[in-house]
Amino acid sequence: MALHIETPLIRSDSLSKRWNCPVFLKLENLQNSGTFKIRGIGHLCQKAVATGSQRFICSSGGNAGMAAALAGRELQRDVTIIVPETTPVLVRDKLRGLGADVVVHGSEWNAADALAREKAQEPGCQYIPPFDHPDIWEGHSSMMHEIHRQLPAGVQPGLFSVAVGGGGLLCGVLQGMHHQDIGWADVPVVAMETNGCHSFAEAAKSGKVVTLDAITSVATCLGSKAVCQEAVDWCSRHSRLHSVVIEDKETIEACTRFADEHRMLVEPACGAALSAVYGDCLKQLQQDSVLSAHFSSIVVIVCGGNSISTRMLEDWKSRFDVK
Ligand SMILES: Cc1ncc(COP(=O)(O)O)c(C=O)c1O
């Protein structure tokens with residue numbers, strides 16, 4: 001049995017009015033472990049157990065670790081999560097609460113990941129990457145099969161908004177869209193990142209994986225210095241894939257407006273996807289004729305996130321002068 005649940009797809013009245021078309025929110029913030037990550041990581045961990053793995057070692061900014069810790073608890077395997085110093089104490093405590101060993105290493109995820117790969121050399125250990133694995137993409141693609149079933153009869157998706165960190169979610173979404181039972185290969189996707197975590201934007205521009213010098217955005221869970229090769233490969237397989245980079249202030253505005261309108265708290269990584277419908281970037285792409293002037297509908301993947309509290313949101317609001 002899968003370790004994830006089917007999440008609701010709701011129609012947002014306020015956003016549908018704003019866009020003059022149905023806007024749907026796929027509520028992966030309600031997913032087990034607090035994000036979509038359990039879909040892919042749960043699938044990978046189940047396969048690892050079937051081939052004899054005794055222990056999971058995962059590197060994570062926080063949310064992949066939450067998924068691996070939950071999978072370990074459900075599958076009765078010991079779990080070690082290596083997180084960078086940027087992972088808030090709040091999240092480290094949540095990981096320990098799920099029974100995982102937490103090791104803090106390095107100033108950003110790439111350093112934590114190097115240690116995780118080294119530790120996973122021990123016999124019986126399975127390295128759990130946070131985004132770069134075919135089983136992870138396959139697990140994430142289950143979300144698209146659900147959306148396909150959940151959309152009201154006769155409604156076609158006109159655009160998907162997806163946040164991109166290392167690109168695992170994007171790969172899963174696109175894999176699902178191109179599945180023969182779904183047939184959404186011609187639907188536009190906006191790949192949303194914040195400035196300072198914009199490794200997909202750089203890769204899409206140059207056609208190859210580009211490594212950023214540093215992660216400088218508050219959306220630390222999008223903070224992989226480079227996306228996976230598979231995400232770059234999708235740029236040529238899905239012609240309607242558009243990279244969008246927003247500022248930190250816009251992601252905090254989106255988190256704030258989403259909390260006020262829909263009464264749910266999500267972290268800045270998720271705010272990036274929501275800013276497509278709360279900010280002006282889609283309108284700009286429409287004006288530039290990159291996107292059509294009218295959408296049949298918009299679907300936002302509300303990817304969720306554990307790195308958030310009312311206190312953190314208040315601090316970011318005052319730092320970025322968000323009213
Ligand atoms: C809440 C949230 N949204 C989006 C992402 C991006 O996912 P990916 O790294 O698969 O691109 C992450 C990654 O950790 C995340 O935690």
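**Entry 1: strand β7**

I started at β7, which runs parallel to β8 and is joined to it by four bridges. Strands here are DSSP runs of E, at least two residues long, and helices are runs of H or I, at least four residues long, both numbered from the N terminus. I count two strands as paired if DSSP finds at least two bridges between them. Within this pair, Val 162 stands opposite Ala 191 in β8.

A note on the source: this is a predicted model, where local features need pLDDT of at least 70 and side-chain atom pairs count only at pLDDT 80 or more, while totals for chains, interfaces and linings use all residues. Residues are numbered from 1 along each chain as its sequence is written.

Next I asked which residues of β7 are buried on each side. Phe 160 and Val 162 are buried on one side, and Ser 161 and Ala 163 are buried on the other. Both faces of β7 are therefore covered. Buried means that 20 or more other C-beta atoms lie within 10 Å of the residue's own; exposed means 12 or fewer, partly exposed is in between, and C-beta atoms are placed from the backbone. In a regular strand the side chains alternate between the two faces of the sheet.

Axes are lines fitted to C-alpha atoms, for helices over the stretch in contact, and angles run from 0 to 180 degrees between N-to-C directions.

I looked at β8 (residues 189–194) and β9 together. They run parallel and share six bridges. Met 192 has Val 244 in β9 as its bridge partner.

**Entry 2: helix α9**

Which residues of α9 (residues 229–237) are buried? I found Glu 230, Ala 231 and Trp 234. Seen down the axis of α9, these buried residues fall within an arc of 100°, so they line one face of the helix. The arc is that of the directions from the helix axis to the C-beta atoms. Their cover includes α6, α7, α8 and β9.

**Entry 3: the four-stranded sheet**

I turned to another open sheet. Its four strands have the order β5-β4-β3-β6, with parallel pairing. β5 (101–104) and β6 (125–128) stand at the edges with a single partner strand each, so one side of each has no neighbour in the sheet. The twist averages 20° from one strand to the next. β4 (residues 78–83) and β5 pair over four bridges. Ile 82 has Val 103 in β5 as its bridge partner. Helix α3 (residues 63–75) packs on this sheet, touching β3 (55–59), β4 and β6, at about 170° to the direction of β4. Helix α5 (residues 109–119) touches β3, β4 and β6 too, at about 160° to β3.

**Entry 4: two domains**

I checked how the chain is divided. Domain 1 is 9–35 + 134–319, and domain 2 is 37–128. These bounds come from an automatic or database domain assignment. Their centres, taken over C-alpha atoms, are 24 Å apart. The contact takes 25 residues from domain 1 and 23 residues from domain 2. On the domain 1 side, α6 (134–150) and α7 (168–177) each supply at least two residues. α6 gives the most, with eight residues.

**Entry 5: single residues**

I looked up Glu 28, in the loop between β2 and α2 (37–50). Glu 28 is buried, with 26 other C-beta atoms within 10 Å. Beyond its neighbours within four places in sequence, Glu 28 is in contact with residues including Thr 7, Met 143 and Ile 301.

Last, I looked at Asn 20, in the loop between α1 (13–19) and β2 (23–27). Its phi is near 60°, a positive value in a residue other than glycine. Most residues other than glycine have a negative phi. Asn 20 counts as exposed because it has 9 C-beta neighbours inside 10 Å.

Terms used: Two residues are in contact if their C-beta atoms, placed from the backbone, lie within 7 Å.
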